[in-house]
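Good morning. Please have a look at it first.

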Amino acid sequence: MSVRTIGVVMNGVTGRMGYRQHLVRSVLAINEQGGVTLSDGERVKLRPVLVGRSAGKLADIAARHAIPDHTTDLDAALADDDNLIYFDAQVTSARVKAVLKAIEAGKHIYAEKPTAESAQEAVALAEAATAKGVKNGVVQDKLFLPGLLKLKRLIDGGFFGRILSVRGEFGYWVFEGDWQEAQRPSWNYRAEDGGGIVLDMFPHWHYVLENLFGRVESVYARAVTHIPSRVDEQGATYQATADDAAYGVFELEGGIVAQINSSWAVRVNRDELVEFQVDGTHGSAVAGLRNCRVQHRSATPKPVWNPDLPVTARFRDDWQEVPDNGEFDNGFKIQWEAFVRHVLEDAPFPNDFASGARGVQLAELGLRSSAEGRRIEVPQL
């Protein structure tokens, strides 16, 4: 069995997501398993070329994982013909400029979401990639979460009957940074640096809704900044100019109504950090990151509202766990393997820049809806 190696320029691996999920748990994990297997049996290993602004941080990561190639010169990395793929996990505000450089250099592009800060820029990236003839993809990792894969299995099997509604709860308390260190970088809370939970999470919700339930036709959202000031990594207090919570109602094709709350200012009283409840005429399900519970209409209890008596029923006991029925690999790694096959043998990869642009569009319209206090229809891109 032959094995070949292709270069992958990875820009932004000094950040938490770029390092942990994309470098360590995807690219390096793929190499440890012997590479990506193509349809003809050939295996392809990935040679990461680390790019970033801090030579010291890059050198540290490279030494830790025995990676020989690292540089602060993006142009030099893109000039190497052996580097076929460019990956971008930088802060959102730096993404468009770097991705356009990579497109011009003829690299195939894989990027974190959101692909841009505005729908106009996101559409321009998709058009530029198409015009240049390079393959392109955007990270849509939540489609590969075990809980949502089980949910998709239920949908495909007709478990719900006619789906009526979707309710999502996402978030956790991000410490302000004064008496306990914040779990997220400070740029997330500055609009001028591309921060905000709407721009961060609405692209996620878009591809989840679009792929599982149908096209988003309208949005009504309220974006707020609950915590007005925070403390950054250097211990300095700064004004939070970006939204840290968003409450959205999305109308989908077929009459499905989705309500999703997203917040970095909420304390968790649920089984997982994100949960989706789907209600249909024949059954309901609650899916999280890993688990999924169901209640069929034949097993649905008949509660009666009576505020004068204490509730003795344990409603959660009436739900049944959906079995795994298989092994679940890391979702980021699965997408990396799919994108490599897309580049090398034109295997399907529906999560392209056009789908990424639709996610940015929903975030943009969500912010506009909040500012104008009204429901806004979502045009088809």
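Predicted model: local features only at pLDDT ≥ 70, side-chain atom pairs only at ≥ 80, totals over all residues.

Residues are numbered from 1 along each chain as its sequence is written, and side-chain values use heavy atoms, with hydrogens and water left out.

A word on terms. On a 1 Å grid over the protein atoms alone, a cavity is a set of points where a 1.4 Å probe fits but cannot get out; a pocket is an open set with protein on both sides within 12 Å along at least five of seven lines; and a lining residue has an atom within 4 Å of a point. Volume is the space filled by probe spheres set on the points, which are joined across faces, edges and corners.

The largest cavity holds about 60 Å³ of space. Which helix gives the largest share of its lining? That is α9, with four residues. Helices α7 (197-212) and α9 (353-372) each supply at least two lining residues; helices here are DSSP runs of H or I, at least four residues, and strands are runs of E, at least two, numbered from the N terminus. Among the lining residues are K113, Y207 and V360.

V360 comes up again with S118. Leaving aside neighbours within four places in sequence, S118 is in contact (heavy atoms within 4.5 Å) with V360 and E364. S118 sits in the loop between β6 (108-111) and α5 (119-132).

Now the second largest pocket, with about 320 Å³ of space. Of its 13 lining residues, E275, Q277, V286, R293 and R316 lie nearest the centre. Strands β8 (163-171) and β14 (274-280) each supply at least two of the lining residues.

Two strands pair if DSSP finds at least two bridges between them. β14 and β15 (residues 283-287) run antiparallel and are joined by four bridges. Within that pair, Q277 stands opposite V286.
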